[in-house]
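Colleague: Could you take me closely through one part of this model, beginning with a loop residue and then going on to a pair of packed helices? I would like the contacts spelled out residue by residue.

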Amino acid sequence: MVAALKERGVPALGLRSNMEIAERLLALAEDRSEARIPAELVEAIEAALAISGPSGEALSRLRALTDEAGLDIAPALDRMEARLAALNARDVDASALPFDADFGRSLEYYDGFVFEFAAADQPAEPPLGGGGRYDAMLAKLGGGRAGAVGGMIRPEDVLAAQARTGGGL
């Protein structure tokens with residue numbers, strides 16, 4: 001395939017070599033040869049990704065949807081329920097926290113729970129902080145597997161939000 005690219009005069013653009021480009025094209029061709037996901041499963045995934053709203057309601061809707069579709073993601077939903085319970089134990093009304101099943105999908109290194117938080121008086125502004133789990137990152141980079149959680153806080157934005165609200169967020 002590399003020879004075919006060279007023969008056609010395809011220049012190597014960017015940082016990838018012709019070999020890397022050829023390997024990616026072969027991987028894409030292999031993906032196309034895989035069996036398609038059944039339409040019912042695609043519909044269930046799309047319905048799950050469309051779930052958003054208060055966390056307590058979202059959890060119930062996810063359990064009902066996956067039960068109806070015959071999908072077993074109970075361990076993941078049980079972990080979500082445990083996180084909500086842990087927050088409730090710390091006087092946070094976790095069932096009212098916003099949930100969006102589609103959140104975080106563009107952050108490929110995260111492979112588990114993801115979160116962000118914003119100032120209550122400016123929820124449309126960039127988040128004050130966020131993070132999540134990325135337990136498989138080491139394996140993807142060729143190493144072992146280890147539990148990992150990361151996050152960030154924008155201190156200057158937190159201080160500005162506190163100043164606007166008189167100390168609360």
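Modeller: In this predicted model, Ala101 sits in the loop that runs between strand 2 (98-100) and strand 3 (114-117). Leaving aside residues up to four places away in sequence, Ala101 touches Ala48, Leu49 and Ile51. Asp91, by contrast, is 10 residues from Ala101 in sequence, and the two C-alpha atoms lie 24 Å apart in space.

Turning to the helices, helix 4 (residues 55-69) contains Thr66, a residue with a relative accessible area of 6%, which is under the 20% cut-off, so Thr66 counts as buried. The side chain of Thr66 reaches back to the backbone oxygen of Leu62, at 2.9 Å, while, again not counting residues up to four places away in sequence, Thr66 touches Leu71, Ile73 and Leu77.

One of these partners, Leu77, also belongs to the contact between the two helices. Helix 4 packs against helix 5 (residues 74-88) with the axes 11 Å apart and at an angle of about 165°; because this angle is over 145 degrees, the two helices count as roughly antiparallel to each other, and their crossing is left-handed. From helix 4, the contact is made by Ser55, Leu59, Leu62, Arg63 and Thr66, and from helix 5 by Ala74, Leu77, Asp78, Met80, Glu81 and Leu84.

Key: Residues numbered from 1 in each chain as written. Predicted model: local features only at pLDDT ≥ 70, side-chain atom pairs only at ≥ 80, totals over all residues. Heavy atoms only, no water. Helix = DSSP H or I, 4+ residues; strand = E, 2+ residues; numbered from the N terminus. Buried < 20%, exposed > 50% of the residue type's maximum accessible area, 1.4 Å probe, protein only. Polar contact = N/O pair within 3.5 Å; in protein donor to acceptor, adjacent residues only side chain to side chain. Contact = heavy atoms within 4.5 Å. Axes fitted to C-alpha atoms, helices over the stretch in contact; angles between N-to-C directions. Parallel < 35°, antiparallel > 145°, perpendicular 65-115°, else oblique. Left-handed = near helix turned anticlockwise from the far one by under 90°.
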